[in-house]
Amino acid sequence: MQTTTADMKVDDEGKIDEGLYSRQLYVLGHDAMKRMATSNILIAGMKGLGVEIAKNICLAGVKSVNIWDPAPIQISDLGTQFFLRPEDLKAGPGGAPLSRAQATAPRLAELNSYVPVRAVDEPQLTREVLSRYQVVVLTDATLKQQLEINSLTRASGSTHFIAADVRGLFGSVFNDFGEKFVCTDPTGEQPLSGMIVSVASDSEGLVTTLDETRHGLEDGDYVTFSEVEGMQGLNGCEPRKVTVKGPYTFTIGDTSSLGTYKKGGIFTQVKMPKIINFKPLADSIKQPEHLISDFAKFDRPASLHAGWQALSAFIDKNGRLPRARNAQDAAEVIASAQQIFKTAGEEGELAEKVVQELAFQATGDLSPMVAFIGGFVAQEALKACSGKFHPLVQHLYVDSLESLPDSVPKLPENEFAPTGSRYDGQVAVFGKAFHEKLTNVRQFLVGSGAIGCEMLKNWSMMGIASGPQGAIDVTDMDQIEKSNLNRQFLFRSKDIGAFKADTAAAAVAEMNPDLKGKIISHQDRVGPETEDVYGDDFFEKLTGVTNALDNVQARQYMDRRCVYYQKPLLESGTLGTKANTQVVVPHLTESYSSSQDPPEKSIPVCTLKNFPNQIEHTIQWGREQFDDYFVKPAENVNQYLTQPDYLQTVMASGSNQREQLEQIKEFLVDSRPLTFDACIVWARLKFEENYNNSIRQLLFSLPEDATTSTGQPFWSGPKRAPKPITFDAQDPIHMEYIVAAANLHAFNYGLRGETDPAVFQKVLSNVIVPEFTPRSNVKIQINENEAPATNPTNDPSSNVDLTEIASSLPSAGSLAGLRLTPADFEKDDDSNHHIDYITAASNLRAINYSIAPADRHKTKGIAGKIIPAIATTTSMATGLVCLELYKLVDEKRDIEQYKNSFVNIALPFMAFSEPIAAQKLKYNSPKGEQTWTLWSRFDIPGNPTLQEFIDHFKREEGLEVSMVSSGVSMLYNSFLNPAKMKERKGLKMSELIEQVSKKPLPAHARYVVMEVMCDDEEGEDVEVPYVRVEVRSS
């Protein structure tokens, strides 16, 4: 096979298209992606699982994707193979069907212009054919075929082999990456590092770390050191093996010959390659190593290992798969499995019911299981060619039998028989009646980014909402950007700039014409401001809600709406190789908001301003400085120019008045540029202020030999003594700062920018930098508990009265028409200088403090708060979510049937757990003890008066209402004066709310939520559910 430079996703210099792959790069890294760029991958079998794997690999970016499947398309293939169309069934010669590979290749090729896709036109996969590829993935093949292909890939010596299959709610995967496979990074986690405070000079070499944070190391990890004083031999040493002694201590072996430790030092974890020896399938089948996918089913892999072999034996013997729900065929598979299980010497008994279901579902083909296994296998293929992350060793068997409808065992065999429909694979598992139920659901999908695209694809294959009563509403206010194309596979380059929801809806309707006219796309943000759109009428029609969101606030809002409307919610999220899913079932489970992750740890202000010790600190400092220079001043100036009472408001505010007024004066009077040359001068002076003057002032206030109150050196531990930088126009980092800062300053004023080095050098050679003299008595904030110090300045006018500054400003009228343009931060535009500025600003500060600088890519990830993402994790997550959707549609009420999940595809690791039940609370009433949960509420119809409302609780619940509130409005409490109480008790609830809140009820509102405080009959204060009061009839 010939390869050209066009086949590569990297150019001649090895550069990767960061605009396309930016989110993936933060997961895989440049080195792994460059190794992927030299790998040709073959996927054999182009039914649903094959195309799912191929899709994910194309999006990830390899040298080439090659597909082999000479078999003609069948109508049932359309149930999971999203790149086949009904017209393909007659598009071949003489109106015959195309082969699966022929039909799939051109549509697969649209996913990534950097990855050529070829349909391999070979009648058989011979050793010569297979030797062309670094990785071979075999799908939809019997064990006999797997053994044959694996023996050929083994013989080639350099071709890695993966076999995978999906049968109904079952999936299997096998890996053989050969002997001595090198895994360069088993976890993909960032190397740990931390500061040390001592190293013992003895045979054990006990290292003690700073007690601010735990070191996080584990036994067997390796570390090296830098910046150690005294024990110089540790700096840059060969990696030393760690034995953990405590959260702040570990040993590294003999250090007795390295001298005596004095102070300082940083340990850094070193990722050591791991050598893994794989066995060929012929050997592994006899002594399998299993990855446990669900610890509640830890005894199941042995039975499934035998069951899958028995299924292959049935196909070899009968030339067909077992018929759906056919007891005779299933009995033959079970008998064969029993013999295999017994011969293998397995302990315990074969799980006959599980193997029976495997036989019953052998003709089944379900999009959710295809997505789950397809995402997993695609990542295994990428591990094989990149060495990044730990591969599966060596067998994986999964099932989701909990997704089977409760009615299935009672149904006759003909309920599952094929009818020549695209949905035959789903009907074979669930039956015709349940499939019809799926077609008539009404789902609300919130978000159509990466998760949303995968969800819609799965739904279209499942036939969700394709029936007469079905509908899908999808909303996403975002437009498509280039970086989306790497994961959001429904979008193409031609779609950039279009709305995501519209484009995704059109794409899946093309995949399944049954969905045409069934998907309603919106561009609305979900929130209180759109409750007139997504209100009572909208939610009452829904079967359920699926979140595909990327922020916690929106997730929590939708969670509250689902609790209020008592609708099930499917929740999922990904972070690089990690994914989690959660199912929320009304009156059964807790809600999404019932538990929350701890808040992110923020960087103390004093660390950012004066004592950075990590590159993350300087990047955050640069990001905040971007706002302080190029966003906030422009906004403040515009407010001054447009708001007549702006000065009076600032003067009366009592905080930051001087800073705001001086800022306006600087940007409107003192430093207002009229030419780009003036912007260069401004940038040069900012350089001096930040990287020389402020550092000299800090060292004047806290000299390098300063000591603490206990006599210890002040500049020690996390506090690194900085050094001022002298500007050098020949230093690339210095010039990167000047170019970015000058262009951003020019942008604020609408001046034309420039990047020609000659222009900058000419101006810089004539800049006069004022002499700086450090001042005495400047207060430095040393720790979090101290009040922040004001910025030191050498300007003698710092004591000028505020009114003098205000009076020196030109009147807004004299500057009619002048407006500054804030530089709204945009991380993905490489031409706007935003990331360039933050990178240069951060790295200069890092140089001040002797911190290793970061490249633009790392800076962009931290400053832009980019969430690392890969298509494979997303595919797995959505597959798991849709397996839960089956359960919701079946309306299962046994909480043990539902599964929340956590997956780390890098390790690989999977954990499933039943959802947490909704917490039960109680109160006493004349009816007896009443139990309630977050799903409970009191519903009161008919817009009663306040008196009727109070009487209702007394009469129906035996509760004495002592307080009623709605939102922030206190409508009633028992301490109101008698006149006001009498007046309010006679008002309808709608009138009372409007009177107290002084706002009309929203026109769309039929109900109002109220909170009440009550006493029971014994006078005890009791906690009760919220109240929903009808204020308008429907």
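Predicted model: local features only at pLDDT ≥ 70, side-chain atom pairs only at ≥ 80, totals over all residues.
Strands of a sheet pair through backbone hydrogen bonds, either parallel or antiparallel. Here, eight strands line up as β3-β2-β1-β4-β5-β6-β17-β16, giving an open sheet with mixed pairing. At its edges stand β3 (117-119) and β16 (290-291); each has a single partner strand, so one side of each is left without a neighbour in the sheet.

For a look at one pair, find β5 (residues 160-167) and β6 (residues 170-176): they run antiparallel and are joined by seven bridges. Within this pair, valine 166 sits opposite glycine 171 of β6.

| Helix | Strands touched | Angle between directions |
|---|---|---|
| α2 (residues 48-60) | β1 (40-44), β2 (64-68), β3, β4 (135-139), β5 | about 165 degrees with β1 |
| α7 (residues 300-318) | β5, β6, β16, β17 (395-399) | about 95 degrees with β17 |

In soluble globular proteins, nonpolar side chains tend to be buried together. The largest nonpolar core in this model has 118 residues, and the members that touch the most others are Ile57, Val65, Leu108, Trp459 and Leu490. Helix α10 (residues 367-386) supplies the largest share of this core, with 11 residues.

Which residues does tryptophan 459 touch, not counting those up to four places away in sequence? They are Gln443, Leu445, Ile464, Ile472, Thr546, Cys882 and Leu885.

Note on methods
Residues numbered from 1 in each chain as written. Heavy atoms only, no water. Pairing = 2+ DSSP bridges. Helix = DSSP H or I, 4+ residues; strand = E, 2+ residues; numbered from the N terminus. Contact = heavy atoms within 4.5 Å. Axes fitted to C-alpha atoms, helices over the stretch in contact; angles between N-to-C directions. Core = buried A, V, L, I, M, F, W, Y, C linked by side-chain atoms within 4.5 Å. Buried < 20%, exposed > 50% of the residue type's maximum accessible area, 1.4 Å probe, protein only.
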